[in-house]
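Trainee: I would like to learn how to read strand pairing and salt bridges in a model. May we work through an example together?

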Amino acid sequence: MDYSSPEVALLYVTQSRQSRVGLHCRQLPGLTRFCFYRLMAKALLKWYIPRRKKALTLPGAVSYINGEQVVAVFNHPEFDNHEQVVFCSDETTGLKAIIAIHSTALGPATGGCRMWDYVADEDALVDVLRLSRGMTYKNAMAGLPLGGGKAVIIGDAKKIKSEALFRKFGQFVHSLSGRYVSAEDVNITTGDIMIVNKETPYVAGLEGLSGNPGPFTALGTYRGIKAAAKHKFGTDDLNGLTVAVQGLGSVGFYLCEYLHKEGAKLIVTDINQDAVSRAVAQFNATAVGLDEIYAVDADIYAPCALGATINDISIPQLKCKIIAGCANNQLKESRHGEILRQKGILYAPDYVINAGGIINVAMEMRAQGYNAEESTTKVNQIYHTLLNIFERADAQLKPTNEVADLMAQEIIRNAR
């Protein structure tokens, strides 16, 4: 055999069994064997590895195609046996969206659609997978006949919104034949959902019916904070307590109104300085920087922005005794719940405390129609649901997020 080129050496290696290659190489004279190995190494570097990289899948969620990093789904750490994940793209409108259906065991997968300018597609996938799983557990713990789903639209809400885009998104939702029911979420308004409704009936939270779920999410969060205070301090009276509110969107601002009326002292932060200024003016709140909110002297920390703010960096800074807010996926990893327990910080599981919005939306989906009074009554029950979780967690010496997960999983398992 002629070993004068890397291509020939590579051909021999790739077409021969390993034992034959080893045997043949051992039979070569020393210098020739050295030259062969050197040529084989060159061949691997020049020809084999670059070609393999065109379709090289690595362990975990990341793979490479043509040298570019892409995302795999089934082996993604957040996949958690989702029933369906749909990638939606339309060049004309600029729509790039992901719809994730985690479970339909209890009913149609229901959850809002958010619009966010994600840094990378991987971030959007992680977000929608975690959010849809959270909706499964949220709907289960709220006693709703609904499964869990979520959608994200990738892009800057200030730049890409258009009627054509939302109608196209509606067409994608409609193609799922009712397996997923959408609603508003971060950067999506009830007006946007009304446009989606032109293409599909599988939407909720419509104007003239249940409408904006934000006030009900805020009410449930407020009731959850009172439940946490009752368990931790022996009373649910918030007068004189200091609450650090991170995020002053529609829900966060409504929450501040409830807290202020009860006499709580507010420390606030948000990327929107206009919202911060309004909170200072209306609620006599103290404003701090975005990264300063964790270390303030507060009885309660209320995360009301995006998720994963409770992590290895923020936890050592916390001085609060309670974490209770309306943000989704507050724990970056589930293990952070146990770290909080060991620090003596009571955590109100996010998908339980922030269920007010979906409870209100679900009332609209009933055959008997929407009733605001009944919706408010059911939202107020979040107080008792959380007290039950806290008591179980204490009795079992487990973190509250783990106890809530187990309770939700039992509900889903019994429905199958």
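The dialogue below takes up the sheet, a hairpin and then the salt bridges.

Mentor: Please keep in mind that this is a predicted model.

Trainee: In what order do the six strands of the open sheet lie?

Mentor: Strands of a sheet pair through backbone hydrogen bonds, in either a parallel or an antiparallel sense. Here the order is S12-S11-S10-S13-S14-S15, with parallel pairing. Strands S12 (286–287) and S15 (346–347) are at the edges with a single partner strand each, so one side of each has no neighbour in the sheet. Within this sheet, S13 (residues 300–303) and S14 (residues 322–323) are joined by two bridges, and Ile 300 stands opposite Ile 322.

Trainee: In which sense do strands S4 and S5 pair?

Mentor: S4 (residues 84–90) and S5 (residues 95–103) are antiparallel, with seven bridges. Gln 84 faces Ile 101 of S5. Four residues separate the strands of this hairpin, and Gly 94 has a positive phi near 85°.

Trainee: Which parts does the salt bridge between Glu 78 and Arg 130 tie together?

Mentor: The N to O distance of that pair is 4.0 Å. Glu 78 lies in the loop between S3 and S4, and Arg 130 in helix H4, so the bridge links parts 52 residues apart in sequence. Arg 130 counts as buried at 18% relative accessibility, while Glu 78, at 26%, counts as partly exposed.

Trainee: Are Arg 114 and Asp 127 buried or exposed?

Mentor: Both are buried. Their closest N and O atoms are 3.4 Å apart in a salt bridge.

Key. Residues numbered from 1 in each chain as written. Predicted model: local features only at pLDDT ≥ 70, side-chain atom pairs only at ≥ 80, totals over all residues. Heavy atoms only, no water. Pairing = 2+ DSSP bridges. Salt bridge = Lys/Arg side-chain N within 4 Å of Asp/Glu carboxyl O. Buried < 20%, exposed > 50% of the residue type's maximum accessible area, 1.4 Å probe, protein only.
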